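Dear colleague,

I am handing over the structure we discussed, placed just below, and after it I set out what was found. Please read the notes with the model open beside them.

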Amino acid sequence: MANKHYETPMLDELEKGPWPSFISGIKRLRDQHPDDRIKGVANSLLGQLEHSYETRKGYWKGGTVSVFGYGSGIIPRFSEVGHAFPESKEFHTLRVQPPAGNYYTTDMLRQLAESWEKWGSGLITFHGQTGNIMFIGTDTDNTQHFFDEINEYGWDLGGAGPCVRTGMSCVGAARCEQSCLDEMRVHRTLLNNFTDDVHRPALPYKFKFKVSGCANDCMNSIERSDFAIIGTWRDDMKVDQEAVKEYVAKKGRDYILDNVVNRCPTNALALREDDTLEVNNRDCVRCMHCLNVMPKALSPGDDKGATILIGGKRTLKIGDLMGTVIVPFMKLDTDEDYERLVELAEEVIDFWAENGLEHERCGEMIERIGLANFLEGIGVEVDPNMVVEPRNISYVRMDGWDEEAEKWFKRKAEEKAAAAAG
Amino acid sequence: MALHTEHRAPIESGCPDGLQYMHPVMRKHYGNWAYHEDPRPGVLVHVAKNGDKIWTVRAGTQRILDLFTLRKLCEIGDQYGDGYVRFTLRSNIEYMVADEAKVEPLIKALEDAGFVVGGTKNSVTMISHTQGWLHCDIPGTDASGVVKAMMDELYEEFKSWNMPNRVHITTSCCQINCGGQGDIAINVQHTKPPKINHDLVANVCERPSVVARCPVAAIRPALVNGKPSLEVDEKKCICCGACYPPCPPMQINDAEHTKLAIWVGGNHSNARGRPTFHKLVAAGIPNNPPRWPEATAIVKRILEVYKEDAKDWERINDWIERIGWPRFFEKTGLPFTKYHINNWLGARRTLNASTHIRF
Ligand code: HEM
Ligand code: SF4
Ligand code: SF4
Ligand code: SF4
Ligand code: SF4
């Protein structure tokens with residue numbers, strides 16, 4: 001069977017050119033792999049893919065496949081043209097959670113490769129757009145066998161369907177000078193608190209956590225996650241004036257004026273005549289631009305923590321939404337700080353589980369009920385950092401104004417007292 | 001009864017600890033990095049507060065890795081690196097080494113094996129992409145193929161620092177767009193309402209949930225040939241394809257009428273301005289496998305103008321904000337049409353309510 005190769009004239013075109021070709025890779029499995037099963041699957045997959053290229057249509061349909069004890073983590077795929085390409089007629093993907101930050105030893109990659117060679121097609125992606133390792137292509141029985149094997153040495157499935165999804169975090173503290181967080185700890189504390197919600201879909205829709213160590217937001221967390229945790233600091237940024245002078249000496253005053261000072265979004269920077277940099281830390285919004293241009297001279301302050309934004313998502317159903325600031329700043333140092341973070345996440349997910357409509361993302365629910373109601377629901381007080389500007393329309397009922405203003409003054413007085421005490 | 005003994009209960013270990021797989025120098029200086037430098041495209045050197053250094057070599061791959069390729073990557077890591085790797089958000093592989101002397105041989109080994117070293121700083125890095133015909137059940141195109149064909153043409157840009165700032169390109173093979181926001185995004189755009197296979201609807205689809213899925217309430221339950229089915233108000237339908245995943249008989253994909261559209265100016269970073277969504281610039285681009293030359297040509301044209309015209313550190317959105325959209329269309333030669341004018345929720349905020357006009 002595996003001797004007859006499907007013709008793939010269109011796919012062959014994707015073997016040309018300098019960029020590594022995934023088609024050549026699949027062909028290597030077809031032609032060079034010692035196992036006839038893998039050869040056959042690769043051949044059949046190429047046949048179906050060529051058919052898609054020729055007809056400009058996809059031929060996979062979903063279904064229900066899961067491993068024992070879980071309701072999610074497998075993307076079932078059954079071929080609609082399985083009669084013509086039988087050896088890949090079941091071609092399910094396993095979504096496996098990577099370590100926070102995507103670190104691997106080559107030994108571990110080899111071990112995973114061996115397991116996948118035993119039970120799967122031999123195709124793997126590091127990583128899918130949600131962050132999972134994607135083991136692409138196996139049949140229903142082998143889904144279970146493969147999972148059983150890798151689960152024994154430390155790997156667990158990610159989410160799929162209406163559940164908490166696999167998280168993502170940037171390299172951050174492990175290798176980046178901009179990091180203001182322990183991204184791995186945030187990521188694992190949150191995700192592993194919700195393992196039940198990852199494995200057993202029972203929420204209105206998907207819910208994603210993403211962690212970025214600073215406002216560069218390398219994980220796209222504001223645009224792509226329901227719950228974004230982003231590192232920041234609230235004391236003064238650190239300026240090494242000698243290093244500033246070196247940049248000026250190397251690049252010239254004009255370059256620093258054009259590319260650092262004038263690009264600051266809040267005009268918080270000034271280059272003095274002696275080539276030192278003055279930072280107005282009250283106006284600085286911690287956007288990271290000047291730190292990116294002069295990493296040797298400028299660094300985050302010492303009083304680090306996180307900003308939390310909730311409700312980001314992509315197009316379906318009401319259009320793209322970005323997350324909204326819900327917590328402008330919280331410390332993440334002690335165990336208690338982490339407990340507060342988990343409690344907040346639980347509040348948000350519980351409230352949304354109760355009030356979200358079927359197939360409604362958290363951000364869409366907030367859009368429908370209004371931010372103020374959402375805040376009340378999760379027990380978070382309003383804060384002007386949550387808005388770009390206050391309301392600009394008078395059509396609103398405000399007969400509770402006096403009490404609300406009172407609350408604000410009371411809260412501010414309490415914060416002041418707490419600051420004075422501690 | 002037998003069921004319980006037949007199956008092994010899963011160990012719900014969740015997300016594993018990355019420290020066990022992390023390069024010892026990174027573990028040692030976790031949270032204690034001072035700065036980094038960029039010695040050449042594809043290479044970073046990070047300097048810890050005590051002066052220790054770690055070199056990173058970044059390489060692009062085909063993303064869908066076969067066992068041979070994965071093992072080759074491991075072999076290179078063992079022979080020329082320290083045996084520690086990681087993957088970026090855009091599926092580039094990174095090798096970390098503690099000894100500068102290993103950097104050049106590592107680069108050579110990667111390049112000899114056909115991988116592409118680069119993708120750092122102001123390059124065009126790997127296009128982040130989705131599944132497509134290889135695996136998804138709803139795709140209108142093959143994101144993997146589009147990306148391969150496009151990266152062949154952007155190969156030199158991946159390996160060099162020619163751009164004013166970094167360029168993040170994304171693709172998506174349906175209008176759900178799991179590829180995410182990008183400086184440039186190449187996404188499927190359907191142009192005709194779904195063709196309904198009425199014979200199948202009753203068996204396959206949960207009709208109320210399909211009705212609820214439509215963003216513009218264009219779907220109604222209906223009796224067709226005496227069988228329960230669905231009906232689409234074609235005047236209302238925006239051809240988004242949202243009804244297709246819950247109800248495959250709502251065939252949205254069409255060999256002729258499923259097209260590609262190109263969007264620009266999405267930026268996830270908070271640096272300078274707030275994060276931005278990408279905006280439509282070109283549509284009606286043929287979905288033309290196996291190499292999609294029309295889409296690539298437009299992407300290259302946009303990149304050429306950006307490279308020439310933008311100032312240092314301007315991402316595509318920053319650049320367009322400075323020069324204005326009229327000039328963007330003028331310089332790229334792309335048509336501006338009625339479809340570029342937003343009519344979705346909140347559209348008025350995207351209209352020019354000022355006399356700010358560039359001449
Ligand atoms: C029904 C079929 C669908 C399939 C097969 C599918 C497949 C995928 C896959 C394979 C990924 C990458 C996954 C990973 O990393 O684990 C992904 C990500 C994603 N999907 Fe889907 N998807 C489907 C439906 C949807 C729907 C209905 C939405 C809409 C809301 C959606 C939105 C997304 C988004 C936004 C991402 C990227 C997420 C991120 O940045 O974290 N997908 N999808
Ligand atoms: S988000 Fe910030 S801390 Fe994280 S990798 Fe990017 S620049 Fe570094
Ligand atoms: S971090 Fe951003 S806002 Fe703050 S001073 Fe630098 S450029 Fe200005
Ligand atoms: S963009 Fe659409 S078609 Fe492509 S993988 Fe995502 S859900 Fe599937
Ligand atoms: S394609 Fe979109 S707009 Fe048209 S009927 Fe389906 S869900 Fe509604």
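In what follows, a residue is called buried when its relative accessible area is under 20% and exposed when that area is over 50%, with partly exposed used for what lies in between. Please also keep in mind that this is a predicted model.

Cys205(B) is joined to Cys247(B), with a distance of 2.2 Å from S to S, and the link is right-handed, with 80° about the S-S bond. Because Cys205(B) sits in the loop between α6 (198-204) and α7 (207-213) of chain B, while Cys247(B) sits in the loop between β12 (227-232) and β13 (250-251) of that chain, the pair ties together parts that are 42 residues apart in sequence. By the definition above, Cys205(B) and Cys247(B) are both buried.

Turning to charged pairs, the structure holds 52 salt bridges over all chains, and I describe a few of them here.

In chain A, Asp196(A) and Arg200(A) form a salt bridge whose closest N and O atoms are 2.6 Å apart. Asp196(A) has a relative accessibility of 45% and therefore counts as partly exposed, and Arg200(A), at 29%, also counts as partly exposed.

In chain B, the salt bridge of Lys102(B) with Asp82(B) has its closest N and O atoms 2.5 Å apart. This pair links distant parts of the chain, given that Lys102(B) belongs to the loop between β6 (93-97) and α4 (103-112), whereas Asp82(B) belongs to the loop between α3 (67-79) and β5 (84-87), 20 residues apart. Lys102(B) is partly exposed at 28% relative accessibility, as is Asp82(B) at 24%.

A further salt bridge of chain B brings together the side chains of Lys148(B) and Asp152(B), at 2.8 Å from N to O. These two residues are four apart in helix α5 (residues 143-159) of chain B, so about one helical turn separates them, and both Lys148(B) and Asp152(B) are buried. Elsewhere, Arg175(A), Arg58(B), Arg86(B) and Glu94(B) are joined into one network by salt bridges that share partners.

Finally, there is a negative surface patch, which is formed by Glu336(A), Glu339(A), Glu343(A), Glu346(A), Glu347(A), Asp350(A) and Glu354(A). Of these residues, Asp350(A) is found in helix α12 of chain A, which covers residues 335-355.

Methods: Residues are numbered from 1 along each chain as its sequence is written. Chains are lettered from A and ligands numbered from 1 in the order in which they are written. This is a predicted model: local features need pLDDT of at least 70, side-chain atom pairs count only at pLDDT 80 or more; totals for chains, interfaces and linings use all residues. Side-chain values use heavy atoms; hydrogens and water are left out. Patches are made of residues with over 30% relative accessible area and no salt bridge: like charges are joined within 9 Å, nonpolar side chains (Val, Leu, Ile, Met, Phe, Trp, Tyr) within 5 Å. Accessible areas come from the Shrake-Rupley method with a 1.4 Å probe; for residues, only the protein chains shown count as cover. A salt bridge is a side-chain nitrogen of Lys or Arg within 4 Å of a carboxyl oxygen of Asp or Glu. Lys and Arg count as positive and Asp and Glu as negative; His and the chain ends are not counted. The place of a charge is taken as NZ of Lys, CZ of Arg, CG of Asp or CD of Glu. A disulfide is a pair of cysteine sulfur atoms within 2.5 Å. Buried means under 20% relative accessible area, exposed over 50%, partly exposed in between (1.4 Å probe, protein chains only).
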